[in-house]
Amino acid sequence: MNRVSSTSAPRRRLPPEARRAQLLDMAVDVFAEMGLERAGHGDIAKRAGVSTPTVFNYFPTRDALVAAVLERISGVVEEMFDRIPADADDRRHRILQLAAAFQRMVEARPAETKTFLKWGVSFDPALRPAYLAFQDRMVERLIAVLPANPSDPAKARAEARILLGTSSLFAAMTFDDYQPAELVDFVGRIADVLSPSE
């Protein structure tokens, strides 16, 4: 009796937490490519090599799937803020630190960053309120980390929004392969505009 040896190992069944994490990773990748409005359970199943009911088992509705992806995006951005050194008391230097931290995030987490960019320009009524709440949190984080904010709270919020908006443009420029010197010049000009004169 001849035995045929198989060179491929049998597929291992992942524990539920590991499978959910894998599917969430795939969801972020698919949403980064297709957009928040278009990607769905079937697209994620295809990418992960599982059945569509498997994805539904972990994310029972489209709302649950989108909420999990947006929670991941929020966490990645919050983590970026948490890693900014607290040593700068000079506003221009702090803006440059923010840009460096954001660039590290863009390079290390491109799918999350692309999904973040797509979320910011989505006006889908199911997605927009969550983005606006996220945007408000990010504006507050920016105000908190920047020294020498204007004393007028409305102006401080406006400047934080400028930084948030230019961060999206900066990320797009990075993905569009702008030269490092162009990115440095862009960030320097924003820092100059938003820093008080000596």
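Guide: Let's start with a pair: helix H4 (residues 62-82) packs on helix H5 (residues 91-108) at about 140 degrees, the axes being 9 Å apart. That angle makes H4 oblique to H5, since angles under 35 degrees are roughly parallel, over 145 roughly antiparallel, 65 to 115 roughly perpendicular, and the rest oblique. Bear in mind that this is a predicted model, where local features need pLDDT of at least 70, side-chain atom pairs need pLDDT 80 or more, and totals for chains, interfaces and linings use all residues. Residues are numbered from 1 along each chain as its sequence is written, and side-chain values use heavy atoms, leaving out hydrogens and water.

Visitor: Which residues make the contact of H4 and H5?

Guide: Contact means heavy atoms within 4.5 Å. Here H4 brings Val76, Val77, Met80 and Phe81, while H5 supplies Leu98, Ala101, Phe102 and Met105. By class, that contact has 8 nonpolar, no polar and no charged residues.

Visitor: And Arg94, does it count as buried or exposed?

Guide: Buried means under 20% relative accessible area, exposed over 50%, partly exposed in between (1.4 Å probe, protein chains only). Arg94 lies in H5 and, at 6%, counts as buried. Its side chain reaches the backbone oxygen of Val145 at 2.8 Å.

Visitor: How many residues of helix H6 are buried?

Guide: In H6 (residues 110-120), 8 of 11 are buried, so the helix is mostly covered. Among them are Glu112, Phe116 and Trp119. The buried residues of H6 pack against H4 and H5, as well as helices H1 (16-34), H7 (128-145) and H8 (153-175).

Key: Axes are lines fitted to C-alpha atoms, for helices over the stretch in contact, and angles run from 0 to 180 degrees between N-to-C directions. Helices (H or I, at least four residues) and strands (E, at least two) are DSSP runs, numbered from the N terminus. Ala, Val, Leu, Ile, Met, Phe, Trp, Tyr, Cys and Pro count as nonpolar, Asp, Glu, Lys and Arg as charged, and the others, Gly among them, as polar. A polar contact is a pair of N or O atoms within 3.5 Å; within protein, one must be able to donate a hydrogen and the other to accept it, and residues adjacent in sequence count only if both atoms are side-chain atoms.
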